[in-house]
Amino acid sequence: MNAVDYKVAIGPWVRYRLEHHRAAWPIPSDDLDIFIVRDFLSKEECASLVAQIDAGCEPSVVLAPTGDPEYRTSQSCNMNLLDPEIVALDAKLEALLGIAAAHGEALQGQRYSVGQQFKPHYDFFYPDQPYWPAMEAGGGQRTWTAMAFLNQPEAGGETFFPNAGVKVAPRTGNLLVWNNLDAAGAPNEFTLHQGMPVTAGAKYVITKWHRERPWTSVDVPTYGSGTESGA
């Protein structure tokens, strides 16, 4: 199967699996495929992952420079691929979605303290950007995103899709899943989303991005929030 055929086929394949999963519920939308899987992780699993994130967090970065110091203010942690808990979580996601594990990037944990956020952005890549050759070499376009909520902050921290009019509140153990591509396998601009500011407590999530081809880690420049083009 070539890349175009894969990007077209992977949408209905994962959607069918989720539509027939007892714990998965579609979020009503005419514009994108998006699901909640309830209680995907236990409280114990969530607590253990939170501890790992706390131990490894660093300031989050982005692939393209931005002059906005408030664009992405969270902290992130690339999870240890060899850790037994991470291996088990990868297998659990593969069993749910039916996407071969080789197509998945390394799991990344994120922590948002009070006032921290990730302003509206896409998970798919823009082929006209300087980072694209590296992303193409590392597995190509992103397809499905799976993001698990590891806790429930006291207030704020919703995931908001402004173009689709969808807002999801964090609930411990729930998994949010969406397709970044449209029916033709092209980037779907209705997937624009943001991690809204946490207003009380803290928010922890762990995210898995999937690619059109098997993923390989590649070196690519990254930027902190507020970095200017050419800086």
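Helix 1, residues 3-19, supplies five residues to the lining of the second largest pocket, the largest share of that lining. Helices here are DSSP runs of H or I with at least four residues, and strands are runs of E with at least two, numbered from the N terminus.

Before going on, a word on the model. It is a predicted one, in which local features need pLDDT of at least 70 and side-chain atom pairs count only at pLDDT 80 or more, while totals for chains, interfaces and linings use all residues. Residues are numbered from 1 along each chain as its sequence is written, and side-chain values use heavy atoms, with hydrogens and water left out.

Let me return to the pocket. By pocket I mean an open set of points on a 1 Å grid over the protein atoms alone, where a 1.4 Å probe fits, with protein on both sides within 12 Å along at least five of seven lines; lining residues have an atom within 4 Å of a point. The second largest pocket has about 160 Å³ of space, a volume being the space filled by probe spheres set on the points. Its lining consists of 13 residues, and R15, D33, L181, D182 and A183 lie nearest the centre. Five of the lining residues are nonpolar, three polar and five charged. In this scheme Asp, Glu, Lys and Arg are charged, Ala, Val, Leu, Ile, Met, Phe, Trp, Tyr, Cys and Pro are nonpolar, and the others, Gly among them, are polar.

I turn now to salt bridges. The structure holds 10 of them, each a side-chain nitrogen of Lys or Arg within 4 Å of a carboxyl oxygen of Asp or Glu.

Which residue forms a salt bridge with K7? The partner is E212, with the closest N and O atoms 4.0 Å apart. Because E212 lies in the loop between strand 15 (203-211) and strand 16 (223-224) and K7 in helix 1, this pair ties together parts 205 residues apart in sequence. Are these two residues buried or exposed? E212 is buried, at 6% relative accessible area, and K7 is buried, at 18%; buried means under 20%, exposed over 50%, and partly exposed in between, with a 1.4 Å probe and protein chains only.

A further salt bridge joins E136 and R213, at 3.7 Å from N to O. E136 belongs to helix 4 (residues 132-137) and R213 to the loop between strand 15 and strand 16, so the pair ties together parts 77 residues apart in sequence. E136 is partly exposed at 31%, as is R213 at 28%.

Finally, K7, E136, E212 and R213 are linked in a network of salt bridges.
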